[in-house]
Amino acid sequence: MGSTMAGNGGRGRVGDRVSDPRRLRVLGDTGLLDAGELPALDRLTALAARLLDVPTALVSLVDADRQVFASGSGPNGSRQTPLSHSYCRYVVADDAPLIVPDARADERLRDNPAISEHAAIAYAGIPLHAPDGHVLGSLCVVDTEPREWTDAQVAILRDLAAAAESEVALRLAHGELLLSSARWQAVLDSAADAFVSMDADGRVTAWNSAAERLFGYSIAEALGRPVTDLIVPVRLRAAHDQGMARVRAGGTSTLAGQRLEVAAVDRTGREFPIEMTLQVGTGRDGMVFHAFLHDITARVEARAQLEQERQRLADERAFLQALLDSLDSGVAACDATGTLALFNQALRDLLGADEQPLPPDRWAQTYGLYAADGQTLMTTEQVPLARAHAGEQVRGEEIVVRRPGTEPRRFVTNAHPIAADGRHLGAVVAMHDITESRRTEQLRRCRHAVTQVLSEATSAEQAAARAVATVAAGLGWTCGEYWQVDADEQRIVRLSSWTAPGVDLGGFTGGEPMAFSAGEGLPGLVWSRNAEVWTATRQDGVLAGGRAAVGHAAGLRTGVGVPVGTGRGVLGVLAFFIATDVPRDADIAAVLDTICAQLGRFVERRRAEDLTLALAAARRDFNRIIAQVNDYLWTVEMRPDGTVRSVYSSPSGTGVFGAELPTGADMATTLAARVHPDDRHLFAGFHATVSAGLPAEVEVRVLGYDGVTRWVWTRAVSRQDDGRLFVDGISTNITERRELAEQREQLLAAQQQQVSRLREVDRTKDELVAVVSHELRNPIGVIRGYTELLLDDPDLNAGYRREIAVIDRTSAHLLHLVEDLLDLARLDTGHAGIDVKPLPAARLIRDVVQAHGHAAEAAQVHLEAAVGRLPVIHADASRLRQVLDNLLSNAIKYTPPGGTVTVTAEAAGGDRVEIVVADSGIGIPADQYPRLFTRFFRASTATQRGIKGTGLGLAVAKAVVEAHGGTVTAEPAPGGGTRFTVALPCHTDPRSGA
């Protein structure tokens, strides 16, 4: 039988893995190749021999040219063999178990000398791995006879091999530890720094050669002595002992891992500074301390000298910085490498930033350096300081600094390189702020130009249009518009538009008139707020009227609007649009405010002149109109002394006094003198009320100059003007109205009597209908009884049966009509039997819909229902079913074949249930909906189609629903037909009044 292997099936190249240098190095590190007796492994091989009943068990290690037995159990006492005798080398080469029942029949082993020399016939070997995975050898068993190895035996061998691997791992770890210890000791002995170890009591446990040289004590003298006695100055020993005690108590040290500068003494008592690095650990006997120490006397002396030099340089730099900070101009400098090195205080204040160690290619972007146009970011080659660093002298170069959140500043710069002894040291730039002077000049010219425009304008509109153009052109802005509030103050209208030369804004400005309401667009926002608006055009509402897309496409970025007005309100708005992002400028805003105030005074003055002329004309027209009416208008002043002075009165008093008032007479005196004696107390109360500054009215009789007494209705309103009390009033002749009022009162009394009689007649009619219906009910019942008996007679011939069926249907219809009449009568008088109980509405609605399913199917009408979860309602189930039966039967009856009837129900608003019955039927004319719930009323669409009915069903339904405290309404359904909605209250008993 052949052998059994894992891995590459026993066909790998044996020498590849066996001769691997890394494997051989790990094998040597185990120390097993030359080790003596190994009891742990010997016990394993002995156990393997007993358990598997074999004569030989081995721990075989495969070296480069030999096979070494680290442990063995059996008759062969040899410690090693050549590789030519090794079966184990195949286990190493394949990194897999080798199970051989008979080596003489195995392709690789049949010629092996171990067969003849050691009778190694049957073989089983399991790989032994080092912790890093290399195969070092095998745990194997050998029998002198052919043998079939069972799975259980192989499993036992695997377990024993795992135990052997653990022993190998321990040997490796121990060897590494010994090697590491040797290396560590060699490192310490060769270290330049002194190394001292102490136990928890502070006694020296390690002392290297450097420590001998530094402190003068030999290793033999130092070991076991307190470190305090050896190297700690006397003045520091108490503190040292206290610190050690704290570390022992707390188990940690705050000084561990730090570089500490402390004082130490040597054998001679010389005190000197040392640098110490302390580590704290835990040993078998408690805490241990390790410290590296070296003499830093030279360093301390050098540091003192360096500190003196640094202080001198700091003083010089402070002096230079103070000198630069005293300058009003900004100064910046870079070093020889081109790195920004210095700002003075003036430049920090101007830029709102400190210097950063940046190279030239980052200056412009970091500090917002722009060309003189204020829009183009400078390149590195354009920055004055960078040009000076390159060796150029820069004079009078204008730049603009734009920093986020700050206003742009304009500077004139001078820059030159710095050199000494032929060495290039850097460059310096001086920046002189000319922002205010440039802006002041620009705004001064703008104000002067506007003043000139206003002095030459002939109208308010012309002045505003020219002012807008002058401001926009003077400030370099793209577009300017003037908007004026219309006369009724409902809209703001654009009167003029100006665009910068060379800019095409035809799509934005347009040629058509444009108007906005308050709050719409930039002009509307300014008007509604009566305040300046300065914002980005992309803000909501700034561009309106279809101008947003056009404005953004044209590159407009900023909008500025300023109100033109006076203390009484906004007259108009100056609106400007700019093609760049321009933050609000307080100086520009102040100039715009001044210009708008100046323009507002000009516009108001022009308007006042026009208004004076219009007022004079209006007064003439007003007097002419007042002269044609019968009402008498007047204004008087109520003086503090109680006297009354006439201020204004209508030209004619004929309508009130029957004739023109005498020359010099005024309304106040005339009216008071001619009031009827019986009404003078009313007039006195009226006079007292208006004298108190309150509105009042009075109706009194006045004796006219023509001898006729008239009823005069006088209304008056008081007002304060400059501390004086005025009363504006109107007096109207209401004699005819008073007469009509008396006649109306008489007619009203007569109508009330007639309504009372009609109600009595209506009540009598209802009682008559109820009596007649009740009297008809019994005979009709008798007729129906006899017809049912006749129809039940099997001997009745077919002809009589058809005629009696007609009688039965007719009497049933008549009985239904009588029942409806009785229901209406009882409901109207409040005597209806409404048995209200808690009712699950959803179940009742579904039952009614199901009951009408056959009728709908017979009429070829599609009946749908959508009833969700509904709250409990208080209702009479039979009465509510009667309502739903009426609505559903009507919907099916008035819907043509193929139509749809839909029933839906839902909770609405939390306090009611709404039931909707909608159909796609013949519908109802719109003008007939108000009469739909009237008794005996039938829609014209039903009568024209010959659809039979009594016209009582909806009246009964309405009465039942209202008896439940609900409502029923009808309306056209979407798409045709009619929709009825029944709304019933939830959890409310109608009888309780809740």
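Me: How many aromatic pairs does the count come to?
Reply: Ten aromatic pairs, where rings of Phe, Tyr and Trp (its six-membered ring) pair if their centres lie within 6.5 Å. This is a predicted model: local features need pLDDT of at least 70, side-chain atom pairs count only at pLDDT 80 or more, and totals for chains, interfaces and linings use all residues. Side-chain values use heavy atoms, with hydrogens and water left out, and residues are numbered from 1 along each chain as its sequence is written.
Me: Why is the pair Phe215 and Phe272 tilted?
Reply: The ring centres of Phe215 and Phe272 are 6.3 Å apart and the planes are at 35 degrees, so the pair is tilted; planes under 30 degrees apart count as stacked, over 60 as edge-to-face and the rest as tilted.
Me: And where do Phe215 and Phe272 sit?
Reply: Phe215 is in helix α7 (residues 209-215) and Phe272 in strand β11 (residues 271-283), 57 residues apart. Helices (H or I, at least four residues) and strands (E, at least two) are DSSP runs, numbered from the N terminus.
Me: Is Phe215 buried or exposed?
Reply: Buried, with a relative accessible area of 1% for Phe215, and Phe272 is buried too, at 2%. Buried means under 20% relative accessible area (1.4 Å probe, protein chains only).
Me: Which residues do ring pairs link into a cluster with Phe215?
Reply: Trp207 and Phe272.
Me: New topic: which ring does the charged end of Arg402 sit over?
Reply: That of Tyr370, 4.7 Å from the ring centre. A charge sits over a ring if NZ of Lys or CZ of Arg is within 6 Å of the ring centre and within 35 degrees of the ring normal. Arg715 lies over the face of Trp713, at 3.8 Å from the ring centre.

Notes:
Buried < 20%, exposed > 50% of the residue type's maximum accessible area, 1.4 Å probe, protein only.
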